[in-house]
Structure formats: structure tokens, C-alpha cells
Amino acid sequence: MTRIYFVRHCKPDGKIKDDRNRPLTEEGLEDSIKVAEILKDKQIDVFISSPYRRSYDSIKKAAEFYGKSIQTDERLRERKAGKDGNNHEMFKKRWADFSFAEEDGESISAVQKRNIEALNEILEKYDGKNIVSGTHGTALSSIINYYDKTFNGESFMKIINFMPWILKMEFDGKKFLSMEEVFHIQKEYKE
């Protein structure tokens, strides 16, 4: 059995507009220590992350605890937000129509396709291992929806303030077996 602990990043500094290099807040950095605490008894073999700083830094303390490096995969990045793409109205539109994307933005369908492609390769390469994946809200939500179609826009709005959020998924080969929330901290999402 393969276990993947998806870690939706800790609280980022929303004042920094560079999405790829947006750091965690001081509070987020403190919460990354809590992430490491939660993961320290999970016998983690592999750490893989979105290349975005906030996701990478959210699992960095855990990787250090295990003495492991963190691999990055560009396909695990967050959805590209276009003009006015990060607001509740746009969230609703995208979840109502997976092919919808605002100008210069990316659809949930596109995010899901690249994340599942990466996940399938991870499952094949690390069969039987315990894995931590540093991820994002929309990216993780698109993965959940792939395996559980009842996870929808309303579900996404319930987890939008979970930073960090740790979700364990179990697989037999590439066959999805189960999903369980391990931990979350409620924050306030700021548009």
C-alpha cells in the first residue's frame, strides 16, 4: 500500500504578488513546525512538492526531520490565476464549469489533468512507500474530485481557510483506496 500525505501549504504572505515565490508568513512558518510534528511518526520515505515556495517551505521542516531532500514537480503547481481570478465569484464559476478559466487563467480541468498525471507517475515510481506532497488548495481539491466526484465547489469553499491541511490518501498500485483528513488549522482567506 502507498500512502500519500498531501500538505496544503501553511499561511502565505498575501502582500507578495509573485505567486511562485510567495513566502509563508511568520505564523505560517510556525505552523510548518506543527506539520513536521504531525508527520514525524509516519515513516516518510519521499518528499515531493509543487515548486512554489509556500508549498515547499510548508514541508521543509518535516523533510529536515527525516534527513530527506524535497523533489519538485512543475505539474504539481497551483492553478494559474488570471485577471481577477482569486475571488469567490470566480471560484464558483470554475467549480460549476471545469473548463472555465478567466482571462489568462487556467481551468480546474487543466489543473486536474496535470496533477493526476504527476500523481500516477509518483504512485508507479514509489509503490509501497509513504510520501509527503507539498501542494495547494485548488491543486489538491482537483485531485480529491478526481477520486470523489461529490467533492465540489461547496466542498472547496469549506476548506479554503485550511492552512495547513493534511490529507492522507491510500492506494494499491494506482487504485485509490481511501482518504482521511489528518490535520488542519483554520485561517482566514484574503482575496
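Let's start with a definition: a residue is buried when its relative accessible area is under 20%, exposed when it is over 50%, and partly exposed in between, using a 1.4 Å probe and protein chains only. A salt bridge, in turn, is a side-chain nitrogen of Lys or Arg within 4 Å of a carboxyl oxygen of Asp or Glu.

Some housekeeping, everyone. What you see is a predicted model, where local features need pLDDT of at least 70 and side-chain atom pairs count only at pLDDT 80 or more, while totals for chains, interfaces and linings use all residues. Residues are numbered from 1 along each chain as its sequence is written, and side-chain values use heavy atoms, with hydrogens and water left out.

Now, arginine 8. You'll find arginine 8 in strand β1, residues 2–8; helices (H or I, at least four residues) and strands (E, at least two) are DSSP runs, numbered from the N terminus.

What does the arginine 8 side chain reach, then? The backbone oxygen of isoleucine 160, at 3.1 Å. Beyond its neighbours within four places in sequence, arginine 8 is in contact (heavy atoms within 4.5 Å) with residues including Thr135, His136, Ile159, Ile160 and Trp165.

Let's follow one of those partners. Isoleucine 159 lies in helix α6, residues 153–159, and at 6% relative accessibility it counts as buried. Leaving aside neighbours within four places in sequence, isoleucine 159 is in contact with Arg8, Ser141, Phe151 and Trp165.

Ser141 takes us to helix α5, where it is one of the buried residues. Ten of the eleven residues of α5 are buried, so the helix is largely enclosed by the rest of the structure. Among the buried ones are Gly137, Leu140, Ile144 and Tyr147.

How do helices α4 and α5 meet? The axes of α4 (residues 108–125) and α5 (residues 137–147) come within 9 Å and cross at roughly 75°. That makes α4 roughly perpendicular to α5, a label for angles of 65 to 115 degrees; under 35 is roughly parallel, over 145 roughly antiparallel, and the rest oblique. Axes here are lines fitted to C-alpha atoms, for helices over the stretch in contact, and angles run from 0 to 180 degrees between N-to-C directions. On the α4 side the contact includes Ile108, Val111 and Leu119, and on the α5 side Thr138, Ile143 and Tyr146.

Back to charges, for those of you who like them. The structure holds 23 salt bridges. In one of them, aspartate 73 pairs with arginine 75, the closest N and O atoms being 2.7 Å apart. Aspartate 73 counts as buried at 16% relative accessibility, and arginine 75 does at 18%.

How values were computed: Polar contact = N/O pair within 3.5 Å; in protein donor to acceptor, adjacent residues only side chain to side chain.
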